[in-house]
Amino acid sequence: VELHKAIRESCDVWFYRVGMEIGIGRIAETARRFGLGQPLGITFVSERSGIIPDVAWKRKRFGTSWYDGETVIASIGQGYVLATPLQLAVMTAALANGGTVWKPQVVQRVENLEGETVWSSSAELLLQSRWDGESLRAVRSAMQAVVNEPGGTAWRSRLTQLSYAGKTGTAQVVKKKDDDEESDPEQVAYQLRDHALFVAYAPADEPQIAVAVVVEHGGHGSSAAAPVAKEIFSTYFHLDPGKPVTVSEDEWAGD
């Protein structure tokens, strides 16, 4: 398994191994350069900062050492890692635009009763990642494969008129006792089911819009969150989503 397939089919073990090779320090540094683990400055009250853990964070928070097993689970966003939906959207936009994190804004301009602009917002740069072109192209190609290649976890939410790129995921609500609880989510109490995640941008080649979808207790990002993004893109680009796409089980890897 290499990067393209690992992202396309959501192979946790690949990320475990790579996470151990590069270490929590580099993981945390890169995550923060994409706007994670810090407030983004949106003009709403009570914005959460999230958590991107590392050795220094754990020593300060708990007074204990960092363990390799914590690097493993942090490499797929589990463990101490916390992120807000807004941070996920901003991170996705940065991937789409080449690595620039812009301050999120809600109001574009204010007009008076005569339609004259009395105030307008201006773009504010927050962070700039240091991705080289080859690495960025590799990740974006893999995210496009998530939706548009057989075996991709969001293959069932593809659009025939538009190629978009994304990544499915889940946010674990409680620790599972064993693998049996994963086999039939319907047997898990609703409030204990995983949240479904999907981040995406479109069009894949010339991005205009980035989204982050979080379906509380939705289970899998592929079945609960990705279809929502599909509808968002269909509406934004005035597309006809048409009939639902059906695929055989051997073409699809769920996440």
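Biologist: Which residues does Cys11 touch, not counting those up to four places away in sequence?

Modeller: In this predicted model, Cys11 touches Val1 and Ala6 once residues up to four places away in sequence are set aside.

Biologist: Where is Cys11 found, and is Cys11 buried, partly exposed or exposed?

Modeller: Cys11 lies in the loop between helix 1 (3–9) and helix 2. Its relative accessibility is 23%, so Cys11 counts as partly exposed; the cut-off for buried is under 20%.

Biologist: What separates the C-alpha atoms of Cys11 and Gly99?

Modeller: A distance of 24 Å separates those two C-alpha atoms, and the residues are 88 apart along the chain.

Biologist: Turning to Ser129, which residues does Ser129 touch, neighbours up to four places away in sequence not counted?

Modeller: Ser129 touches Arg33, Phe34, Gly98 and Gly99. Ser129 itself sits in the loop between strand 4 (125–128) and helix 6.

Biologist: And is Ser129 buried or exposed?

Modeller: Ser129 has a relative accessible area of 8%, so this residue is buried.

Biologist: On to the fold. How many helices and strands are there?

Modeller: The secondary structure of the protein comprises eight helices and seven strands. The radius of gyration is 19 Å, close to the 18 Å from the globule rule for 255 residues, so the protein is as compact as a globular protein of that length.

Biologist: What box do the C-alpha atoms fill?

Modeller: Along the principal axes, the box is roughly 65 × 50 × 40 Å. Contacts between residues 24 or more positions apart make up 61% of those with a separation of 6 or more.

Biologist: Which residues have the most contacts inside the largest nonpolar core?

Modeller: They are Met143, Tyr164, Phe198, Ala202 and Phe233, in a core of 46 residues. Among the elements that each supply at least two residues of this core are helix 2 (12–33), helix 6 (133–148), strand 6 (195–202) and helix 8 (221–236). In soluble globular proteins, nonpolar side chains tend to be buried together.

Biologist: With neighbours within four places in sequence left aside, what is Met143 in contact with?

Modeller: Met143 is in contact with Ile7, Leu95, Ala165, Gly166, Lys167 and Tyr201.

Biologist: Lastly, what are the values for burial, surface and charge?

Modeller: Of the 255 residues, 37% count as buried. The accessible surface is about 14,600 Å², with 52% of that area belonging to carbon and sulfur atoms. There are 25 positive and 33 negative charges, and their mean positions are 6 Å apart.

Note on methods
Residues numbered from 1 in each chain as written. Predicted model: local features only at pLDDT ≥ 70, side-chain atom pairs only at ≥ 80, totals over all residues. Heavy atoms only, no water. Helix = DSSP H or I, 4+ residues; strand = E, 2+ residues; numbered from the N terminus. Rg over C-alpha atoms; globule rule 2.2 N^0.38 Å. Buried < 20%, exposed > 50% of the residue type's maximum accessible area, 1.4 Å probe, protein only. Contact = heavy atoms within 4.5 Å. Areas by Shrake-Rupley, 256 points an atom, 1.4 Å probe, with all protein chains shown as cover. Lys, Arg positive; Asp, Glu negative; His and termini not counted. Charge placed at Lys NZ, Arg CZ, Asp CG, Glu CD. Core = buried A, V, L, I, M, F, W, Y, C linked by side-chain atoms within 4.5 Å.
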